[in-house]
Amino acid sequence: MEKMLNQFRVAHFVRRFLLLRCHMKKKSKPIKSDVNLVNLIERFGSHEKCRAYLTELKWPNGVQCPRCKSKSISTIAERDQYDCNKCRYQFSMTSGSIFHDSHLPLWKWFLTIYLMIESNKGISANQAGRTIQVSYKTAWYLCHRVRAAMREVSADLLQGIVEVDETHVGGRYYGKGRGYKANKAVVVGAVERRGDIRLKVIKSPSRYWLHKFIHDTTDPKCEATYTDKAKAYLGISDADTRHETVKHLEAQWVNGDLHTNTVESVWSLLKRSAVGTYRKISIKHLDAYLDDLERRFNNRRNKFLFRGTLLKLVKAEKLPYSELVRAA
Ligand SMILES: [Zn+2]
């Protein structure tokens, strides 16, 4: 008994130490984004400045007709529009993009995108609405459109050592204990060491769904899969890939390199953001929130994320409210 307690203490200490070291590393090397709140206001404080920037992003080599690709274009200044000299098609910088039909000034879009990128824990539609002074419905639509446009269907399979774990997300059910799971969604995650993460809502933490997720997200030739001792993971190894397990119940969290701390730190981020930022996260929209978290995690070292996001948005197709609600 005494021995077990000692082992537990040592494991606990090592885990705290590693977590602390992770945090210190993060603090000692801050990634400097190319945008901060002060230069955001200086550079993009008006609708005109934002429009000029988006025009430059969309047509770096000069305005081009979306229909006939001609570059011989006249400007209709009073309507912010262009007129193609070849096919006479009239268009604007926002035509076909998600900024189209939006009555919001562009600087409000810019500010919201900035807040969504900068905040570690994400930003709720309520917060966004208060910040840019629009209704909850407008803010909700705005945040979801930004997320939807950013949805990255990354085809890259995870390589090397991949940690996999699953967790339950959802509030407590009235009259039931903390362990009650019927009203919760199961989220599974895979993280490549020092690399990207993939997150997904699955029907149940069964062998079928967990194995399918691992096969869909990781390279069949990756070096190793690290999971906890759950039986559902058994049989995931093959000739190229080792399967190693961490014994959580026996207080063996860190055994040399063998741990699932990276994916677990993502769960704590998810739960803090779900509880702290969104208050009530709707299971219906959980996938969108996971996309958001995935994108923020995978871009944690990308200092040009703001520009990259705008670039995607100005090229992304518009998404009407009705479609968004149906898809959600
Ligand atoms: Zn044309």
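This is a predicted model: local features need pLDDT of at least 70, side-chain atom pairs count only at pLDDT 80 or more; totals for chains, interfaces and linings use all residues.
1. **The overall picture.** The protein chain holds eleven helices and eight strands. It has 328 residues, and 41% of them are buried. If you take the contacts between residues at least 6 apart in sequence, 61% join residues at least 24 apart.

2. **The zinc site.** Which residues hold the zinc ion? The protein donors are the SG atoms of Cys65, Cys68, Cys84 and Cys87, and they lie 2.3 Å from the ion. Along the sequence these donor residues follow the spacing C-x2-C-x15-C-x2-C.

3. **Geometry at the zinc.** The angles among the four donor atoms run from 102 to 115°. Four donors count as tetrahedral if all angles lie between 85 and 135 degrees, so the site of the zinc ion is tetrahedral. For reference, the ideal angle for four tetrahedral donors is 109.5 degrees.

4. Are Cys84 and Cys87 buried or partly exposed? Cys84 has 0% relative accessibility and therefore counts as buried. Cys87, at 30% relative accessibility, counts as partly exposed. The cut-off that matters here is 20% relative accessible area, under which a residue is called buried.

5. Asp80 sits in the loop that links strand S1 (73–76) to strand S2 (81–84). Please have a look at its backbone: Asp80 is not a glycine, yet its phi is positive, at about 55°. With a relative accessible area of 34%, Asp80 is partly exposed.

6. **H4 against H2.** Helix H2 (residues 37–44) packs on H4 at an angle of about 160°, and the two axes are 11 Å apart. Angles over 145 degrees count as roughly antiparallel, which is why H2 and H4 are described that way. From H2 the contact uses Leu37, Leu40 and Phe44, while H4 brings Trp107, Phe110, Leu111 and Tyr114. H2 passes H4 in a right-handed crossing.

7. **H4 against H3.** The axes of helix H3 (residues 47–58) and H4 come within 7 Å and cross at roughly 70°. That angle makes H3 roughly perpendicular to H4. On the H3 side you will find His47, Cys50, Arg51, Tyr53 and Leu54, and they meet Leu106, Trp107 and Phe110 of H4.

8. **H4 against H10.** Helix H4 (residues 106–118) also packs with helix H10 (residues 305–315), at an angle of about 125° and with the axes 10 Å apart. H4 and H10 are therefore oblique to each other, and H4 passes H10 in a right-handed crossing. The residues that meet are Phe110, Ile113, Tyr114 and Ile117 from H4 and Leu305, Phe306, Thr309, Leu310 and Leu313 from H10. Phe110 is worth a click in your viewer: it is listed in the contact with H2, in the contact with H3 and in the contact with H10.

9. **Leu106 in H4.** Leu106 is found in helix H4 and, at 4% relative accessibility, counts as buried. What does Leu106 touch, leaving aside its neighbours within four places in sequence? Its contacts are His47, Cys50, Arg51, Leu54, Met93 and Phe99. Lys49 is 57 residues away from Leu106 along the chain, but their C-alpha atoms are separated by 9.0 Å.

10. **Ala288 and His144.** Ala288 lies in helix H9 (residues 286–298). Its relative accessibility is 8%, so Ala288 counts as buried. Ala288 and His144 are 144 residues apart in sequence, while the C-alpha to C-alpha distance between them is 7.7 Å.

11. Gln133 lies in the loop between helix H5 (125–132) and helix H6 (136–150). Like Asp80, which has a positive phi, Gln133 has a positive phi, here about 60°, although it is not a glycine. Gln133 has 64% relative accessibility and so counts as exposed.

Technical notes: Residues are numbered from 1 along each chain as its sequence is written. Side-chain values use heavy atoms; hydrogens and water are left out. Donors are N, O and S atoms within 2.8 Å of the metal (3.2 Å for Na, K and Ca); water is not among the atoms, so sites may look incomplete. Four donors count as tetrahedral if all angles lie between 85 and 135 degrees; four count as square planar and six as octahedral if opposite donors are over 155 degrees apart and all others between 65 and 115; anything else is irregular. Buried means under 20% relative accessible area, exposed over 50%, partly exposed in between (1.4 Å probe, protein chains only). Axes are lines fitted to C-alpha atoms, for helices over the stretch in contact, and angles run from 0 to 180 degrees between N-to-C directions. Helices (H or I, at least four residues) and strands (E, at least two) are DSSP runs, numbered from the N terminus. Angles under 35 degrees count as roughly parallel, over 145 as roughly antiparallel, 65 to 115 as roughly perpendicular and the rest as oblique. A crossing is left-handed if the near helix is turned anticlockwise from the far one by less than a right angle, and right-handed if clockwise. Contact means heavy atoms within 4.5 Å.
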